[in-house]
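Please keep the structure in view while working through the numbered points.

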Amino acid sequence: GVQNALLRMVAGDHFSWSRLIALELCDWPGKPEACLRLLEADELTLKRAALEAMIPHAENPEYAPKLKQAALRYVAIGQDPSLRVPAAEVLRSSRSFEGRDAMLQLLQDPEGCSSELLQVAIKGLAELDRGPDEAGDSEAHEAKLCGALGPLLEHGSASVREDAAYALADVGHQGPNGLAVAALTKRPVWPETHATVLEAKSTALNSIGY
């Protein structure tokens, strides 16, 4: 029917604009399949559109494994920056351990990430963190998360610093004597002057009970 015709257009029409329109017109349940087919296109604009269209379907049980796999491929270092951000958003929306681990990996390589990508990864890590995989491992788990987020309080972008402060509050399960508080109260090399970052740090410390 119509959906099959649209899928064929997405997969192989000559014109980029008609492929994008066909993707737009594809209904559930054909949408994730259309996204995966469009991702095989050579053009970056088509790949980006495919990844962006995947975001609402990242938790779909039938397609989640394929969508996650595709997102993990395009979030990797060396991929075009315009693809890494929507790929990270797919993983953030996947509500999965793979998504959480991908966010953590991005934060451990801040030099290789744009500010926009870091912001997605910071928020994604805070949202996807469900505590340690093993019981009794909470201290080591918090150390891993704070070790990735703490250094971002000195990042060049104020938006990244602000998001990192709020995220530390979300992962600071060890309370006032924990590593999140240590990161938030550590003196930066350059004194923080940005009002939104100072407010974020103060709010984060209050919410941890410091």
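1. Where does E192 lie? This residue of the predicted model is in the loop between α11 (179–185) and α12 (195–208). Its relative accessibility is 16%, so E192 counts as buried, the cut-off being under 20%. Its contacts, leaving aside residues up to four places away in sequence, are L153, R161, V197 and L198.

2. R161 and E192 form a salt bridge, with their closest N and O atoms 2.6 Å apart. This pair links distant parts of the chain: R161 belongs to helix α10 (residues 158–171), E192 to the loop between α11 and α12, and 31 residues separate them. Both R161 and E192 are buried.

3. The whole structure contains nine salt bridges. Among them is the bridge between the side chains of E98 and K68, at 3.5 Å from N to O. Here too distant parts of the chain are linked, with E98 in helix α7 and K68 in helix α5 (residues 64–75), 30 residues apart. E98 is partly exposed, with a relative accessible area of 39%, whereas K68 is buried, at 16%. A further salt bridge joins D101 and R100, whose closest N and O atoms are 3.2 Å apart. D101 is partly exposed at 38% relative accessibility, while R100 is buried at 4%.

4. In soluble globular proteins, nonpolar side chains tend to be buried together. The largest nonpolar core of this model has 59 residues, and those with the most contacts inside it are M54, L107, I122, L149, L168 and L184. Helix α8 (residues 115–128) gives the most to this core, namely eight residues. L149 touches L107, I122, L125, A164, A167, L168 and V171, when residues up to four places away in sequence are not counted.

5. How many disulfides does a search of the whole structure find? The search finds zero. As for individual cysteines, C35 is buried, with a relative accessible area of 0%, and C113 is buried at 10% relative accessibility.

6. Most residues other than glycine have a negative phi. The phi of R95, however, is positive, near 50°. R95 is placed in the loop between α6 (81–93) and α7 (97–107), and at 40% relative accessibility it counts as partly exposed.

Notes: Residues numbered from 1 in each chain as written. Predicted model: local features only at pLDDT ≥ 70, side-chain atom pairs only at ≥ 80, totals over all residues. Heavy atoms only, no water. Helix = DSSP H or I, 4+ residues; strand = E, 2+ residues; numbered from the N terminus. Buried < 20%, exposed > 50% of the residue type's maximum accessible area, 1.4 Å probe, protein only. Contact = heavy atoms within 4.5 Å. Core = buried A, V, L, I, M, F, W, Y, C linked by side-chain atoms within 4.5 Å. Disulfide = S-S within 2.5 Å. Salt bridge = Lys/Arg side-chain N within 4 Å of Asp/Glu carboxyl O.
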